[in-house]
Amino acid sequence: MANANRPAGLAPVQYLNGAPWNGQARIYSIAAAYATKLAIGDPVASSGSADANGVPGIVRAADTGAIRGVIVGLGAANETAMVNPANLDSTVRPGAAQTTTWYAMVADDPNIVFEVQEGGAVLAAADVGLNTNLTVVDANNFISQVVLDNADKATTATLQVKLLGLVRRVDNTFGQYAKWLVKINHHELAAGVAGV
């Protein structure tokens, strides 16, 4: 059976020690003037600033470079409510300047393992242990569309994610659109490690 093409960005599933992800995340701010769409599942980087209350800021991560974590919740009300009062069904921060600061819950522990779909060329069993970058694009109207950049696979320590293995499910196999388990390798809070 062919793998389904359903990119959803990065989804936290467990920790490196095998424990399931417990839902813990840290609050970050998104400046009102920031004009890039953000969605649950998008990788983010530090913006180098904070809001008026000292909540550190984030921007969407680039296709290369360090990653702070992955968005697991978004909200426009305040830093304690992960909702958009203007649209309770929305899971995306629009790609234009906003009238108020938004906030995001970010899974930023360097030991979290994420599930992500591969893009481009097909990865194989021999690629487990290598590092690669992400292909960071705008979300659709519901969820992140970030996928693995298979063409960048190498042992380079500064590549964004480490390939830990294929997601073990009956609906997933090696081939186009396979879902992989990855760890953020080029993390802002931990040094990158060369692939094997």
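1. Is Arg68 buried or exposed? Arg68 counts as buried, at 17% relative accessibility. The cut-off for buried is under 20%. Note that this is a predicted model.

2. Arg68 and Glu188 meet through their side chains in a salt bridge, at 3.3 Å from N to O. Arg68 sits in the loop between strand E5 (56–60) and strand E6 (69–75), and Glu188 in the segment after strand E13 (179–184), so the pair ties together parts 120 residues apart in sequence. Glu188 counts as partly exposed, at 29% relative accessibility.

3. The structure holds six salt bridges. One of them joins the side chains of Asp108 and Arg26 (2.8 Å, N to O). This pair links distant parts of the chain, 82 residues apart: Asp108 is in the loop between strand E8 (102–107) and strand E9 (112–119), Arg26 in strand E2 (residues 26–30). Asp108 is buried, with a relative accessible area of 5%. Arg26 is partly exposed, at 46%.

4. Asp127 forms a salt bridge with Lys153; their closest N and O atoms are 3.1 Å apart. Asp127 lies in the loop between E9 and E10, and Lys153 in strand E11, 26 residues away. Asp127 counts as buried at 7% relative accessibility. Lys153 counts as partly exposed at 33%.

5. Glu115, Arg169 and Asp171 form a linked network of salt bridges.

6. Strand E10 (residues 131–135) has four of its five residues buried, so the rest of the structure largely encloses it. E10 runs antiparallel to strand E11 (residues 147–154), joined by four bridges. Asn133 stands opposite Asp149 in E11. Two bridges join E10 to strand E12 (residues 161–166), also antiparallel. There, Asn131 has Lys162 of E12 as its bridge partner.

Conventions. Residues numbered from 1 in each chain as written. Predicted model: local features only at pLDDT ≥ 70, side-chain atom pairs only at ≥ 80, totals over all residues. Heavy atoms only, no water. Buried < 20%, exposed > 50% of the residue type's maximum accessible area, 1.4 Å probe, protein only. Pairing = 2+ DSSP bridges. Salt bridge = Lys/Arg side-chain N within 4 Å of Asp/Glu carboxyl O.
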